[in-house]
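Reader: I would like to learn how to read the strands and the core of a model like this one. Please start with the terms.

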Amino acid sequence: REIDAFVRALREDDDAVQPPAGLSSLDALVKRHRDAGLDVDVSVRGERRPLGPAADQAAYRILQEALTNALRHGRGAAEVGLTYGVDGLEIAVSNATAGNGSAPAGHGIVGMRERASLLGGSLDVRPENGRFAVRARLPYCEDDE
C-alpha cells in the first residue's frame, strides 16, 4: 500500500495504481487463456473464504503461471481445482503433456514454490500418467495485511 501511495504521489496525472490481481480476477485470467486456445475447466469446492492480500495474490500468480505452462507445454486443455479447506486453500492444475512430461525449464516453478513457501504453504509439481500436475497449498492467514 505504501508503494502504491508513493507511485500515485509521483504521477503527474490522477490515474490510480491498480492493486495486484487476486482470485477475484480468476474469470478474466481463465478467459485470457481460453482466448489463447487453452480449454480450461474450473471447479471450486468448499465454502469460499476471503484470503489475505498476500495469499490472494500468491494464489492468482500460481494459477497464472500454471495455466501459462499448460498453454505453452500442454495439449490444449487444463483442469483447475480450488478447494477451500478448513485451514487453507488448495490449488490443483493438471494438463496433458505434449512432450516428455518433465517440468518446463525456466523460473516459473521456482517462483510458484517461493510464493507458497513464503506464506507457510507448499507446492508440488510432477508428471503423472501422461499429465503434468501442479498442487499448491496456501494456509489462511488471519493477519495477512
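Author: Strands here are DSSP runs of E, at least two residues long, numbered from the N terminus. The model is a predicted one. As an example of a strand residue, N95 lies in strand β3.

Reader: Is N95 buried or exposed, and why?

Author: Buried means under 20% relative accessible area. N95 has 5% relative accessibility, so N95 counts as buried.

Reader: Which residues is N95 in contact with, leaving aside neighbours within four places in sequence?

Author: N95 is in contact with A70, G74, A77 and A78, and also with G130, R131 and F132.

Reader: What tends to happen to nonpolar side chains?

Author: In soluble globular proteins, they tend to be buried together. In this model the largest nonpolar core has 35 residues, of which L63, L89, I91 and L123 touch the most other members. At least two core residues come from each of α2 (26-35), α3, β2, β3 (88-97), α4 (108-118), β4 (122-128) and β5 (131-139). The most, 9 residues, come from α3.

Reader: What does I91 contact beyond four places in sequence?

Author: The contacts of I91 are A59, L63, G81, L82, V134, R135, A136 and L138.

Reader: How many bridges join β1 to β2, and do the two run parallel or antiparallel?

Author: Strand β1 (residues 39-45) and strand β2 (residues 74-84) run parallel and are joined by 7 bridges. Within this pair, R45 stands opposite T83 of β2.

Reader: Which handedness does the β-α-β unit have?

Author: The unit made by β1, helix α3 (residues 53-73) and β2 is left-handed.

Technical notes:
Residues numbered from 1 in each chain as written. Predicted model: local features only at pLDDT ≥ 70, side-chain atom pairs only at ≥ 80, totals over all residues. Heavy atoms only, no water. Pairing = 2+ DSSP bridges. Helix = DSSP H or I, 4+ residues; strand = E, 2+ residues; numbered from the N terminus. Right-handed = clockwise from strand over helix to strand, strands pointing away. Core = buried A, V, L, I, M, F, W, Y, C linked by side-chain atoms within 4.5 Å. Buried < 20%, exposed > 50% of the residue type's maximum accessible area, 1.4 Å probe, protein only. Contact = heavy atoms within 4.5 Å.
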